[in-house]
Amino acid sequence: MKGYTLQKIAEITGGDIFGSAREEITRISIDSRTIYEPGGILFVAIRGERHDGHRFVPGLLDRGIRAFMVQELPTKERIRVSGACFILVDNPLKALQGLAAFHRNGHKARVIGITGSNGKTIVKEWVHQVLSPGSQVVRSPKSYNSQVGVPLSVLLLEGDTETAIFEAGISRPGEMEKLQGIIRPTLGIFTNIGDAHQEGFRDREQKILEKIKLFRECDTLIYYRDQREVDRLVRKEFPGKRLFTWSFENEGDIRVKVLDTDKEEALLGIRYGDVQMETSLPFRDKASIENAIHVIALMLLLEYPPLVIQSRIADLNPVAMRMEMVKGMNACTLINDTYNSDLISLSIALDYLNQQNQHAVKTLILSDIMQTGKENADLYAEVADILRKMNTDRFIGIGPDLLSQRRQFPSGTMFYASTSDFLSSLHTLEFRNEAILIKGARVFAFEKITHRLQEKNHRTILEIDLNAMIHNLNVFRSITKAKVMVMVKAFSYGSGSSEIANALQYQRVDYLCVAYVDEGIILREAGIHLPIMVMNPEVSGFDLMIDHHLEPEIYNFRSLFTFLSALEKRNLDLFPIHLKLETGMNRLGFREDELEQLFEVSQNHPNLNICSVFSHLGASDQAGHDTYTREQISIFERMSQKIMARFPGDILRHILNSAGIERFPEACFDMVRLGIGLYGISTDAGNRLQAVSSLKSIISQIKPVCKGESVGYGRNYIAKKDLSLGVVPVGYADGLRRDLGRRGVSFLVKGKEAPVLGNICMDMCMIDLSGTDAREGDEVLIFGKQKPVSDLAEKLGTIPYEVLAGLSERVKRVYFKE
């Protein structure tokens, strides 16, 4: 964004200006967490169902931000003292969309609009890859395709932009009209229609009709004609529009045949008018083939020569839809973003790097940035400026272009001409207790660097989808307006303590909760500053709790008196505590008949700082015990009211766990405790939660087993017929139960069930691969999105908590985020 003063923005959006309007705006932000330098920033305070940007305005003023778009003003005195400018509008989101529409109308670039149910982001990225050489191309960052993401994407248009590629996604009727007015594509691509996001529409036809509204003003629309319903509705809605179609069935403008998919690539035969060619595609799955044909159709429409099309399609790179985070050697954390590199994705990845509060030192290993259309001097001046703004502590540049531009970077920066040069020098470098972002273009093969710097290379991994976790958090936030305490005990249900806590801190949860003091200390040492409650504090650990400002659960008079004694030794009057009440579970907690004695103690300790009172529900997930659960809630209401009447100040009350939030939302009180629900486990039949954890391994070896032969220790399985056996490197030392094979458990291989055979070994197990076309090295899913952990728990006669918490720490945790 260039050339926008606050006065001009106010005129475009119909806003009223309060305060000084001298600032020129170069960047829009809707997220206070991603602002690292105040100059030129306009913060748009968007108010939604689960968030309100106005909450963060005071903090941004304190950080030096001086330009805001709001629908609610601070006090006149605050505006005067701050010297800031506020643009007051009726609706900041609509104002942002209006500003983006104005910006779009000021540019004459070719604009390609992409929508569909699946494949939007892949097609967008591949179109960017094939059009970028020799051309100035702008595209949506990540999957910025929403009512907020689209205007932020369109505002990236610059004066020299030749082609812009924007994707649009909707979840309900009426949304696409708004996005169409912002994008106004001149050329459209409709990728695919499927069942994704169907819940917001009456039926499939309505979803298609809503999506194709994006193409209302397009000159040409590209789509797959063999999707009969799409073809019928497009021709009905756009009778006079140029439709450029492709087909496997000889009916499209472009006719396609898949000639070969036996290897790791596909060979396509393409016929369009007088053009006939064979094109090699470095993927062989059906979805990638369809996505690539959309790109080929676009290149044919734009009259690229066949040789150029063949060359660029053959060089298509995998699209990394996520960044992965793993543990590195010497207590480092690695963020693996090794499949793409451009200025926008660099800023996004550096923002994620800065969220890793468990490390004081932040390091970037970056390759040359390819195909930007910019002169190297200008490009790397921008890179150096981004690194300065993001306060990157250590920078290592790899590639001839970065090496030639080394003078643009601070002294002490290290440069290498190639990845192999860096790896050859790795033994001379020290990486210790730092967060390391590894970001490079695919051609630099930075996965070799990640492999060398990783702590473990166990082939069994637990993938943790941070996007799904955040989605689940927001689902529960939509149920209640109460504060949210999140349980991160037991290694965050097996998912990793500091990594999960760090993500939750970034999402601004109100409290964290651990079981033991040691768990809380680990979080404090990892840079977690949120309030942390300790549920099972040993009285011998109170001094450590005070040192690390961990707040104890006090559940009886012994723990109360011991903690008060620890405070007196340090001459401390106030320290937050949480009173546990016994309401029927018969575990820890003060009984109702002990409250009077508690009140007597409080008279001798008037500064007793009760932060919260709480209790546990024993059967909130079981409808057959709802009467008992309501009785527990009633007892808690009565006991907590007595306490609040005797102690002045604000005391938080909480009794609901994950199932309780879903089934008894009327009892949310002031705070709720979110545990297993964060990981996608729900008692609600219509549950909106997403699976977070996936346990995966690979097939180490495949061998034939003849009828009558035995498998594994104890000869517990005798083959009833000839079969194909796969050995999987995961065993009871990783957390699997030894008796899985006797409980009818199977794993998922290439979409098919593969039963476990015999006893589980310490480090491996055996499965039946009969009827699959599996190969050695193929992935094995033990549980995950396609195979719920709750199904495995049911067969084991236990609960998902036990399965997740029982996973060994030797299983490598891989965290990924879009």
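In what order do the five strands of the open sheet with mixed pairing stand? The order is E2-E7-E6-E5-E4.

## Basis

This is a predicted model: local features need pLDDT of at least 70, side-chain atom pairs count only at pLDDT 80 or more, and totals for chains, interfaces and linings use all residues. Residues are numbered from 1 along each chain as its sequence is written, and side-chain values use heavy atoms, with hydrogens and water left out.

Helices (H or I, at least four residues) and strands (E, at least two) are DSSP runs, numbered from the N terminus. Two strands pair if DSSP finds at least two bridges between them.

Strand E2 (16-19) and strand E4 (27-29) are the edge strands, and each pairs on one side only. On average, neighbouring strands here are turned by 25° against each other, direction ignored. Three bridges pair E4 with strand E5 (residues 41-44) in the parallel sense. Ile-28 has Leu-42 in E5 as its bridge partner.

Helix H4 (residues 92-105) packs on this sheet. H4 touches E4, E5 and E6 (contact means heavy atoms within 4.5 Å), and its direction makes about 115° with that of E6. Axes are lines fitted to C-alpha atoms, for helices over the stretch in contact, and angles run from 0 to 180 degrees between N-to-C directions.

## The eight-stranded sheet

Eight strands form an open sheet with parallel pairing, in the order E30-E29-E28-E27-E26-E25-E24-E31. Strand E30 (652-654) and strand E31 (671-674) stand at the edges with a single partner strand each, so one side of each is left without a neighbour in the sheet. Neighbouring strands are turned by 25° against each other on average, direction ignored.

Strand E24 (residues 483-487) runs parallel to strand E25 (residues 511-514), joined by three bridges. Met-487 stands opposite Cys-513 in E25. Helix H24 (residues 626-646) packs on the sheet, touching strand E28 (577-580), strand E29 (610-614) and E30. The direction of H24 makes about 165° with that of E30.

## The helix pair H23 and H24

Helix H23 (residues 595-604) packs against H24 at an angle of about 20°, with the axes 11 Å apart. That makes H23 roughly parallel to H24 (angles under 35 degrees count as roughly parallel).

Leu-595, Glu-596, Phe-599 and Gln-603 in H23 meet Met-639, Lys-642, Ile-643 and Arg-646 in H24. By class, this contact has four nonpolar, one polar and three charged residues. Here Ala, Val, Leu, Ile, Met, Phe, Trp, Tyr, Cys and Pro count as nonpolar, Asp, Glu, Lys and Arg as charged, and the others, Gly among them, as polar.

Key: Parallel < 35°, antiparallel > 145°, perpendicular 65-115°, else oblique.
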